[in-house]
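Please examine the sequence and the structure shown below before reading on. The report then takes up two topics in turn.

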Number of protein chains: 2
Amino acid sequence: MTRRTDPLTAEVVDLIGAVVARYHQEYDAAAAGHRMTGAQARVLAMLSAGPLPMRGIAERLRCEPSNVTGIVDRLEAQGLAERRPDPADRRVKLAAATERGRAVAADLRDSLEFAREPLAALSAGERATLRDLLARVLG
Amino acid sequence: MTRRTDPLTAEVVDLIGAVVARYHQEYDAAAAGHRMTGAQARVLAMLSAGPLPMRGIAERLRCEPSNVTGIVDRLEAQGLAERRPDPADRRVKLAAATERGRAVAADLRDSLEFAREPLAALSAGERATLRDLLARVLG
DNA sequence: TATTGTTATACTCTATAACTATA
DNA sequence: TATAGTTATAGAGTATAACAATA
């Protein structure tokens, strides 16, 4: 059963849509600045926290494992990631960020304008309020 | 020059990233429920507010005009949109939602779970606070 | 000449299905 | 037999460049 949403909720949903659009725009631009696509940048960000089996990447990306092959291929071709065997299970390949990959991931994180300009408009107390509200929305 | 972001800002940015991921997940699922992709659903939502020249769609989508041709082709193939001539300029083609397209767009809007479940966790006052903070973040 | 929309081309991301090597 | 990763294939979104029709 569909139910009409009240005007205030609709307004918030529209604003979230605008935030989503802007986030993507800036994330993709930052990735392009390092000659990566958005998907490649997301995977590199994951790997900069530690190696992951191909399967683990697919789960976090919420996509089919077959897609991860190509994305890691392209990161590997640029020297940003590499595949390592898993000593515990020879079927598994662990994708890991190279040293240069970690540097690029850190640079990308810092170059995300979104983290500075827009949020700078809020005071520390307001940022904390925003954090708490978003955390509750996400459940 | 890159500058380190403070922990609170980083936390908010991470939460926004989570919101973005969830928004896409639900938006794409809702679109798939109507046999559309996310891009097709976004364009149909635009057109449900009124006809737009192909160029105008590209500007709002922030993509090249050549891409819009295929997206509108697919909406047209499903009877959700149609192309009309612009009486004022014979170079222009106006894309418009069909009656069925408008009905699907309305249904899609209502079926966006994101608008209900998560935001229902907030009181009206909190939703208003969230709205104001997001509006200021977007500038 | 400039603009609108399209076509042609190439790359990336995506899902599905079949294959391999391990377990 | 089940699982991890890959390959093959096809559809969709994207950018670039070249084109026809119109301004």
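Predicted model: local features only at pLDDT ≥ 70, side-chain atom pairs only at ≥ 80, totals over all residues.

Residues are numbered from 1 along each chain as its sequence is written, chains are lettered from A and ligands numbered from 1 in the order in which they are written, and side-chain values use heavy atoms, with hydrogens and water left out.

**Aromatic pairs**

Rings of Phe, Tyr and Trp (its six-membered ring) form a pair if their centres lie within 6.5 Å; planes under 30 degrees apart count as stacked, over 60 as edge-to-face and the rest as tilted. Over all chains, the whole structure holds 2 aromatic pairs. In A:Tyr23 and A:Tyr27 the ring centres are 5.9 Å apart and the planes lie at 15°, so this pair is stacked. Both residues belong to helix 1 (residues 7–32) of chain A, where they are 4 residues apart, about one turn of the helix. Helices here are DSSP runs (H or I, at least four residues), numbered from the N terminus.

A:Tyr23 counts as buried because its relative accessibility is 13%, and A:Tyr27 is buried with a relative accessible area of 10%. Buried means under 20% relative accessible area, exposed over 50% and partly exposed in between, with a 1.4 Å probe and protein chains only. The rings of B:Tyr23 and B:Tyr27 are also stacked, with centres 5.9 Å apart and planes at 15°. These two residues of chain B, B:Tyr23 and B:Tyr27, are both buried.

The table lists polar contacts, that is, pairs of N or O atoms within 3.5 Å.

| Side chain | Atom of DNA strand C | Distance |
|---|---|---|
| A:Gln40 | phosphate oxygen | 3.5 Å |
| A:Ser66 | base oxygen | 2.6 Å |
| B:Thr69 | phosphate oxygen | 3.0 Å |

Among the elements that give two or more residues to the surface near DNA strand C are helix 2 (38–47) of chain A and helix 3 (54–61) of chain B. Helix 4 of chain A provides the largest share of this surface, 4 residues.

Note on methods:
Polar contact = N/O pair within 3.5 Å; in protein donor to acceptor, adjacent residues only side chain to side chain.
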